[in-house]
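Here is a short briefing to read alongside the model. Have the sequence and the 3D view open, and let us begin with one residue and its surroundings.

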Amino acid sequence: MDASHSARTAIETESAPAPIGPYSQAVVANGVLYCSGQVPLDPESGELIDGGIAEQASRCLESLDAVCRAAGTRLTNAARIGIFLTDMEQFPKVNDVYATFFELPFPVRTTVGVAALPKGALVEMDATVPLSP
C-alpha cells in the first residue's frame, strides 16, 4: 500500500445503514472524519423510514452520529454539515430538527436543492468532523 492510501482508515458501524454502493460510511484522513451522505434508512432493514421530512432529517442526523461514535467522536463536534433536499420549502422543518442536534458554535453548513435522492428520500446529510489529537 502506498503512503497516499495508508493515511486513510475506513469507519463502518452496524448502527447506521450499510452503504448502498461502493463507498465507506466514513473515512478518517489526516485527523479529519469525512462522513458519507446518509439518507434516512433504517439501519436494520436498509429501507426508507416512515414519516415526513422531520422524521427523515432526524434519522439522517442519528445515522451520522452513529458513524461519528464509531470513530470515537460525536456529530456535535462537526465542523461542516451538507444538506440535500428534494423540496426547499421543507427547509424550515429541517432547521427545527437540526437545531435540536447542535449547540453554539454551530457547524458551517451548505443546503442544496436536488431533483431526487436515493431510495426516494426527501433529505440526505453528510458531515466533516475534526478529530481530537
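Leaving aside neighbours within four places in sequence, Gln25 is in contact (heavy atoms within 4.5 Å) with Ile11, Glu12, Thr13, Ala16, Pro17, Ala18, Pro19, Tyr34, Cys35, Ser36 and Val67. This is a predicted model, in which local features need pLDDT of at least 70 and side-chain atom pairs count only at pLDDT 80 or more, while totals for chains, interfaces and linings use all residues. Residues are numbered from 1 along each chain as its sequence is written, and side-chain values use heavy atoms, with hydrogens and water left out.

- Where is Gln25 found? Look in the loop between β1 (8–11) and β2 (26–29); helices (H or I, at least four residues) and strands (E, at least two) are DSSP runs, numbered from the N terminus.
- Gln25 counts as buried because its relative accessible area is 2%. The classes are buried under 20% relative accessible area, exposed over 50%, and partly exposed in between, with a 1.4 Å probe and protein chains only.
- The Gln25 side chain also comes to 2.8 Å from the backbone oxygen of Pro17. This is a polar contact, meaning a pair of N or O atoms within 3.5 Å; within protein, one must be able to donate a hydrogen and the other to accept it, and residues adjacent in sequence count only if both atoms are side-chain atoms.
- Pro19 is likewise placed in the loop between β1 and β2, but Pro19 is partly exposed because its relative accessible area is 28%.
- Beyond four places in sequence, the contacts of Pro19 are Glu12, Ser24 and Gln25.

**The chain as a whole**

- Three helices and six strands make up the elements of the protein chain, and their order from the N terminus is α-β-β-β-α-β-α-β-β.
- The radius of gyration, taken over C-alpha atoms, is 14 Å for the protein chain, which agrees with the value near 14 Å for a compact globule of 133 residues. The globule rule behind this is 2.2 Å times the number of residues to the power 0.38.
- Along the principal axes, the C-alpha trace spans about 45 × 35 × 25 Å.
- Of the 133 residues in the protein chain, 39% are buried.
- Among contacts with a separation of 6 or more, 67% are between residues 24 or more positions apart.
- Carbon and sulfur atoms hold 53% of the accessible surface, which comes to about 7,200 Å²; accessible areas come from the Shrake-Rupley method with a 1.4 Å probe, and for residues only the protein chains shown count as cover.
- The 8 positive and 16 negative charges have mean positions 5 Å apart. Lys and Arg count as positive and Asp and Glu as negative, without His and the chain ends, and each charge is placed at NZ of Lys, CZ of Arg, CG of Asp or CD of Glu.

**Backbone points to check**

- Most residues other than glycine have a negative phi, and most peptide bonds are trans.
- Leu104 and Pro105 are joined by a cis peptide bond, with omega about -5°. Pro105 belongs to the loop between α3 (91–101) and β5.
- Asn30 is not a glycine, yet its phi is positive, near 50°. Asn30 lies in the loop between β2 and β3 (32–38) and counts as exposed because its relative accessibility is 71%.
- Lys119 has a positive phi too, near 60°. The loop between β5 and β6 holds Lys119, which is partly exposed at 43% relative accessible area.

**Two further loop residues**

- Is Ala78 buried or exposed? Ala78 is buried, with a relative accessible area of 8%, and sits in the loop between α2 (53–70) and β4 (80–85).
- Outside four places in sequence, Ala78 is in contact with Phe102, Pro107, Thr128 and Val129. The C-alpha atoms of Ala78 and Val108, 30 residues apart along the chain, are 8.6 Å from each other.
- Val114 is in the loop between β5 (108–113) and β6 (123–130) and is partly exposed because its relative accessibility is 23%.
- Not counting residues up to four places away, Val114 touches Phe84, Leu85 and Thr86.
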